[in-house]
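Subject: Structure handover

Hello,

Here is the structure you asked to look at. My notes follow below it.

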Amino acid sequence: MNAPFPAADKTRVVRWNPTPHPVGARENVFRLVILALPGFSQLGLSSFVDPLRLANFVSSRSFFEWTIGSEDGKPVQCASGFGMSVSSNFAEASQRVPAGDSPDMVIVCAGDRVEKHASPSLIKALRLYRRHGIPIAALGTATWLLAESGMLDDTACTIHWDKRAALSERFGRLQVSDRLFVRDPYLLTCAGEFASFDLVMELISERLGRETALAVCRHTTAGHWRPASDRQWTINAGQTSICKPLTDVIRIMEEHIEDPLPLRDIAKCVGRSQRQIERLFQRSIESSPMRFYLHLRLSRAKRLIEQTELPVVEIAIACGFASASHFSKCFRQAFGSNPSSRRATS
C-alpha cells in the first residue's frame with residue numbers, strides 16, 4: 001500500500017502512519033520522487049529534503065531516499081539562480097510506475113510563475129501517479145498544478161498566501177484554506193517555505209518515531225515544528241509588536257475582502273470598542289484601521305492583476321469595490337499606476 005495516510009473518515013485529522021516502521025531491510029526504504037519546476041523555491045525544497053538527510057544520519061540508516069526530475073531531464077534553476085542537477089525527466093520518472101517500480105511519495109516543487117509550467121508532460125505524469133494510488137505532495141505554489149490537473153475539485157487544500165487569492169478566483173470549486181498544510185490519504189498541499197519543514201517533521205515523526213524527529217530538530221537548531229492546523233501569517237515579519245486582539249481584527253479583515261465590514265461590525269466580532277481598535281492600530285501599525293483594511297484589499301487586487309487574467313472589473317468586485325472607476329483611482333493612488341498598466345508590465 002503506497003498511501004502514507006489511512007483511507008478513512010476525511011472529516012478527522014489523518015496521520016501518515018502512527019506506528020514507526022521497522023527499518024533495516026531494503027523493502028522498508030521510503031522512496032520519494034521530486035519533480036522540480038523552473039524557478040522553484042530553494043528554501044521550500046531544502047526545508048523538506050535536508051531534514052530527511054538528517055533523519056538518516058541520526059538514525060544511522062538510509063530510510064529515506066529521493067531522486068529529482070525536471071521537465072527535460074536537464075539541470076533546473078531555482079528562483080535564487082542556483083542550478084540543480086537531476087537524474088531524469090518527468091516522463092522517465094513516471095514510466096517506471098506501470099512496471100512496478102513505484103515511489104512511496106511524489107513531491108512537486110514550483111515557484112512564482114507556476115501557472116506557466118503546467119505542461120502536458122507534467123500533468124500526464126501527475127495523473128498517472130494519481131491513478132496508481134501514489135501520494136502526491138505539492139510544496140508552495142505547486143498546489144496550482146494539482147488544481148490545473150483536476151485533482152483538487154471540491155477538496156480542501158492550501159497554498160502559499162501570495163497565491164491564495166489567485167488560486168481561489170481561478171479554480172472556484174476549491175476549498176482553499178490558509179493552513180500550513182492540508183492532508184488527505186493521497187493528496188497533500190503545503191504552503192511551502194518554512195512550512196515544508198513542519199510538514200516533513202511530521203513525516204519523520206510518524207515514520208521513524210518522535211525521538212528521531214526531536215533529534216533532527218536539535219541538529220537544525222529548531223525548537224519545535226508547527227502542526228498542520230497553524231495558519232499562515234501575512235503581516236510583515238518586522239511587526240513583532242502586534243498583539244492578539246489586533247491579530248484577530250486583521251484576520252477578520254482578511255476573511256472579508258470581497259464584502260468589507262464596517263469598523264463597528266468588526267468591533268462587535270472581537271468584543272472591543274471602535275476607539276480601542278483605532279488605538280491598537282495607531283500604536284502597532286501607525287495607521288487607521290480602515291486605511292489598513294483598504295491596503296489589504298488593494299494588495300490582494302495587485303496580486304490578482306499580476307497573477308491572473310481576470311478582467312479588471314471582476315478583480316474590483318472580488319476585492320470589495322463597488323465600481324471599476326473607484327477601484328482604479330484607489331489602485332493608482334496606492335501603486336502609482338492604473339491596474340491595466342500594472343498588468344502590462346508584470
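Two strands are said to pair if DSSP finds at least two bridges between them. Helices (H or I, at least four residues) and strands (E, at least two) are DSSP runs, numbered from the N terminus.

The model is predicted: local features need pLDDT of at least 70, side-chain atom pairs count only at pLDDT 80 or more, and totals for chains, interfaces and linings use all residues. Residues are numbered from 1 along each chain as its sequence is written, and side-chain values use heavy atoms, with hydrogens and water left out.

Overall picture

The protein chain has 14 helices and 11 strands. A contact means heavy atoms within 4.5 Å. Among contacts in the protein chain with a separation of 6 or more, 66% are between residues 24 or more positions apart.

The sheet

Seven strands form an open sheet with mixed pairing, in the order S5-S2-S1-S6-S7-S11-S10. Its edge strands are S5 (88–89) and S10 (181–183), each of which pairs on one side only.

Strands S1 (residues 30–36) and S2 (residues 64–70) are parallel and share six bridges; Arg 31 is opposite Glu 65 in S2. Helix H1 (residues 42–59) packs on the sheet and touches S1, S2, S6 and S7. The direction of H1 makes about 150 degrees with that of S2 (axes are lines fitted to C-alpha atoms, for helices over the stretch in contact, and angles run from 0 to 180 degrees between N-to-C directions). Helix H6 (residues 195–208) also packs on the sheet, touching S1, S2, S7, S10 and S11, and its direction makes about 40 degrees with that of S10.

Strand S7

S7 pairs in the parallel sense with S6 (residues 105–109) over four bridges, with Val 106 opposite Ile 136. From S6 the chain passes through helix H3 (residues 120–131) to S7, a right-handed β-α-β crossover (with the strands pointing away from the viewer, the path from the first strand over the helix to the second runs clockwise). S7 is also joined to S11 (residues 187–190), in parallel, by four bridges. There, Thr 189 is the bridge partner of Ala 138.

Regards
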